[in-house]
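Here are a few exercises to work through with the coordinates open. Try each task before you read its solution.

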Amino acid sequence: MKKKKLISYSILSLLLTFSVGLFFRPEVKYDFLETSFLSILQRMTEDHKPDPPDLSIENVTLEKTSDPSDSFNFYKYQATVIIKNYGGSFRNAQVSMNGGENQKQIFVKNSANGLSLEEGQIFIFEKYDVIFDANYNGGNIDLEVKMLDRRDYFEGNNHYSASVFELPPQLLSIGVEEILDDGTFVIHYQPQNYILDDDNYEIITTDAATFDDGELKYDEVYSLGKIYSYYRIKNSLAVLEDDKWQASSSAPLESHFLNFDINPFEDEISHYAYIKAINPETGNFAISNIVKLPPQKLLTRAAFAKLFIDYTDEEIFDDGELFYEDIGLDAWYGPYVQTIYNLGLISSTSAKFRPDDEISRGDALRVVLDYYDIDLRVKSDSPHFEDIAEDHQLYPYVEALHNDSIATAFENFFNSEQVATKSYLKYLINEYKGNT
């Protein structure tokens, strides 16, 4: 009302001014007076007309309502959208909300006639149903609010990208397939859906990650005549957001070739890698789990004795007379060797322990299973390893390993004569420690 009165008083003042001017200056032409008056009046009207509205999406939160199914391969969410009016007040506007491709468009209302907001007022729009393509693990749902029956002062703030991330990975069963003669690692995976074949692929690596032992799943690869130990690790949003990981492009194949400056199995630190497929049109991405490539710490018999006691949390028990003539209790490994001997876990047929010799996978397995008093019963469907026949001295041990479902990390060959690694020993002990 105040603005209207002000305009009325201004118009009246102008009329009086022009009337007086006309009375005292009769030579002034009417068309000039009319043009000047209308121009001033137009400027005054524009100065006092209300500001246009300016809708902005301030925030969006998503609540998942259902996982994908065989008949509908999408995640479903309900979006809560916070809308603010930074411009002039408006009433009963026709306002739409949409979330891009595959999303439905609806009208945003806070009354039966449309949306009304005062300047600076916020409206919380709830339960807007949106979906996300379950062929991918992550991406964005792009929401837009749009005024249909009037001008929005600035449309740059009418959009909001709500992030989505879901597990499990859509690139399955990542592992080390083989190691080539030139040191190239062949990383293998299986896509959940072959629609991902047309995407852009990256292999993501770092040597600066840290994971707890409980997150590591042991696995092996036989390549170049040797057994190599490595780990699989579940991927996570925290990994994706960690800037220590570096991406490099790769071909959309089921195997990716990975080269390092130093062979990770010969390095002093661990290296990590996972695969990412990115849709070039939407930006949605699918990921694999992570492989950890640790140094291959081949175990001497002395190192085995110490690590065995450390990993089993066994107390040092080095009383009694020393049996091995090449071992002294003053040696760093002496108390550990004597403890294993006192526990009855190593053979006493020879007076030589040979601490600097490497220990085989078979000998390490025998000690671990004897320590945990594992039942060596053989089932009727044996044997399960092509290189361990029924007359092999390790036959009951590897069959017991298979019976306890701990042999999932091993392939058709056990490779008992290969040198045991630190990772291999730790895996055996951790598995039996958790199951006894």
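A residue is called buried when its relative accessible area is under 20%, exposed when over 50%, and partly exposed in between. Keep in mind that this is a predicted model.

**Exercise 1.** Decide whether serine 288 is buried or exposed, and find what its side chain reaches.

*Solution.* Start with the location: serine 288 sits in the loop between β18 (285-287) and β19 (290-293). Next, take its relative accessible area, which is 0%, so serine 288 is buried. Then list the contacts, leaving aside neighbours within four places in sequence: Pro169, Leu171, Ile174, Asn235, Tyr274 and Ile275. Finally, follow the side chain of serine 288 to the backbone nitrogen of isoleucine 275, at 2.9 Å.

**Exercise 2.** Work out which parts the salt bridge between arginine 361 and glutamate 220 ties together.

*Solution.* First check the pair: the closest N and O atoms of arginine 361 and glutamate 220 are 2.8 Å apart. Now place each partner: arginine 361 belongs to helix α6 (residues 361-371) and glutamate 220 to strand β13 (residues 216-223), so the bridge joins parts 141 residues apart in sequence. As for accessibility, arginine 361 is buried at 2%, and glutamate 220 is buried at 6%.

**Exercise 3.** Find the salt-bridge partner of aspartate 363 and describe the spacing of the pair.

*Solution.* The partner is arginine 366, at 3.7 Å from N to O. Both residues lie in helix α6, three residues apart, or about one turn of the helix. Aspartate 363 is partly exposed at 32%, and arginine 366 is partly exposed at 22%.

Note on methods
Residues are numbered from 1 along each chain as its sequence is written. This is a predicted model: local features need pLDDT of at least 70, side-chain atom pairs count only at pLDDT 80 or more; totals for chains, interfaces and linings use all residues. Side-chain values use heavy atoms; hydrogens and water are left out. Helices (H or I, at least four residues) and strands (E, at least two) are DSSP runs, numbered from the N terminus. Buried means under 20% relative accessible area, exposed over 50%, partly exposed in between (1.4 Å probe, protein chains only). A polar contact is a pair of N or O atoms within 3.5 Å; within protein, one must be able to donate a hydrogen and the other to accept it, and residues adjacent in sequence count only if both atoms are side-chain atoms. Contact means heavy atoms within 4.5 Å. A salt bridge is a side-chain nitrogen of Lys or Arg within 4 Å of a carboxyl oxygen of Asp or Glu.
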